[in-house]
Amino acid sequence: MTKKPDLTFEVDLNVINHLGVGLYSSTPAALAELVANSWDADANQVKITVIDNENKIIIEDDGHGMSFNDLQNKFLKVGFSRRGCNSQNHKSQSGKRYVMGRKGIGKLSMLALSEIVKVYTQQKGQDVVSFEINVQQFKNDIQNGQTHVLKQLNEHFKFSKENGTRIELIGVPKKLDRTAKNLKRRLARRFSVKTEQGDHFDIFVNNEQVTVADRDYYSKISLAWFYDKDTESEITQHATNIQEVDSKKCIAYLTNTLKDESGKEYKITGFIASVEKPKDLGEKEENANMISIFTNGKVFVEDVLNNELNTAKIFQSYLVGEIHADFLDRDGTDRATASRESAFRDDPLYRDLIVKLKSDLTTIDRQWDEWRISRHLDKDDTSTQAITEWIDTLSDSRDKKSAKKIMRVIQNTRFDDENKEEDFKKSLYKNVIVGFETLKLKGQLDKLEKITDVLSPEFNEIFISLEQLEATCYAQITKERLEVIKKFKDIKDDPNSLEKIAQEYLFENLWLLEPSWDRTSGKAELEKTITTYLKDHTSGETYSGSRLDISYKTSSGRHVIVELKKPSISISSDDITKQVRKYHNAIQKYYKDNYPNEPIPPFDIYMLIKKAPHDWAEAEREALLRYSGMIITYSQLINDAYNTYQEYLNQNQHISKIDNILKKV
């Protein structure tokens, strides 16, 4: 038989890139792997020093260190894991700690951060061993199928305890996030170790210790749900702004037991909390709006909230949480994906945990609603007091519940423009109140069929409700119209702006000319027909070179024709009279030609001008009236409308109970 060639197993550069550089998008994520190695080495202290002007990061620990053989056969062997040779149930050399490392590839994180890596390490009673990795040369050798021989260093380094490991990352790209403050925050969020008595694990960045406070959201927590008393005791030391309802802290407890399909129980610790505003959790890369799962003190799944637990409900954007589920990493099953910060979703035990967390979020959702409603509607500010006052007027408990819920939705809604957010919300509050009152009145009007006595209390209640609602609605309309008129007042001395705004708004809002012209009923087709007829039956010179500035409307049985004269153009009394007479005669002829057996409806012709002609007198005014015409200046239009609406508000300062509430809002 012909001898078959040997089978070989080779490591390709793509594997190194994928398991090293490709997995780390940020400095903290890569450093976390090296810190985890320090934990596994039983270090009590790991110091990270960022030397920014040298593009250098140093990680040094006081762990048990490595011998020459350890370096060659363990550290430099990609895929070697302490768990594979450890008979202490995945514990460290001291037997005190469950190790964080799983796959033996975390050391490749060094390659993601630097151009040159220097490693110094020493075991107690042995010499320091050191070497250097030129990252690019390392990649080139692998690409060319060559064994990469490390450069051993003659440099000496003295460890204070005569044991430990020091890693120097040289040539760290400036684009990477390497500020001390951000590193502390991100590392604090990735580690949550709990040590036994006599053991401790401290992380320092530029000589500043990393603490849970560096997670930078505890002080923003306002509502909290805990799985265990120990976590509550620890977190509440830092979460000093947890709110109260009825003099009780907004704290609740979740069941901390998980059962798998066989009925076996597992214990969960940790918490889920809510902040006041989503922005309290930070933005972009620093956003803490996530629920992380930890095992053995290190992040196992960075964010399950916005992935597996995503509900698309408003309350989700306010949440942050830390779930400790050590059992996911202590039964010999490797549930972690290659990224080390996500899990295999099809794993049964992991799925059981996700199902439980979904159930817990349902509980949190209900409690969150109740707390937020109670707290926000009791806040000491005018708007929320007014909302509470209005809700108290609702006699039906179902209406009260619905009103509270929709007000809570408005309170928790986020707007793109944060500067105008409060104004937007106040406007929504007002509309909801008016809408509720309208629906309530509609329900009362259904009772009219059963009322036979208009002097009865039941009829009186309906009548008063209708009166108050109409008064409130008109008051709101009046205020909004005043805002429009104020805009005219602001630009009344600017001819160009004045004409542009008048053309844009006046024809659709004849109430500016006369408040009684509330909603015109003119038909578009009739307007088009009259306009065409006027063009055909009046002198062409008036319209040559521009569109016809005429609007034909009907209101209260009268037709209204308005012509805007450019504010920048002066016009004589004679020109005005001629123009009005042309319109008058054209309209008369139109109705005689098209509706010979019907009376000509009353109509008014307005000439809107910047100021009265210099030769304007009583005789000219009377002459114009004979043709149903009159002039009005922009200033007169604005001032008359403003005074009319303002006078109404002044005389009706106490329009209704509802309007008073809206004023407070």
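Of the 665 residues in the protein chain, 48% count as buried. The model is a predicted one. The chain contains 19 helices and 22 strands. The points below cover the chain as a whole, one of its sheets and a residue in strand 20.

**Whole chain**
- Among contacts in the protein chain with a separation of 6 or more, 71% are between residues 24 or more positions apart.

- An open sheet is built from six strands, in the order 12-9-15-18-16-17, and its pairing is mixed.
- Strand 12 (251-253) and strand 17 (298-301) are the edge strands, each of them pairing on one side only.
- From one strand to the next, the twist averages 25°.
- Strand 9, residues 221-226, runs parallel to strand 12, and three bridges join the two.
- Ala224 has Ile251 of strand 12 standing opposite.

**His559**
- Strand 20, which spans residues 558-564, includes His559.
- His559 has a relative accessible area of 7% and is therefore buried, since the cut-off for buried is under 20%.
- His559 and Ile605 are 46 residues apart along the chain, and their C-alpha atoms are separated by 8.5 Å.

Key:
Residues numbered from 1 in each chain as written. Predicted model: local features only at pLDDT ≥ 70, side-chain atom pairs only at ≥ 80, totals over all residues. Heavy atoms only, no water. Pairing = 2+ DSSP bridges. Helix = DSSP H or I, 4+ residues; strand = E, 2+ residues; numbered from the N terminus. Axes fitted to C-alpha atoms, helices over the stretch in contact; angles between N-to-C directions. Buried < 20%, exposed > 50% of the residue type's maximum accessible area, 1.4 Å probe, protein only. Contact = heavy atoms within 4.5 Å.
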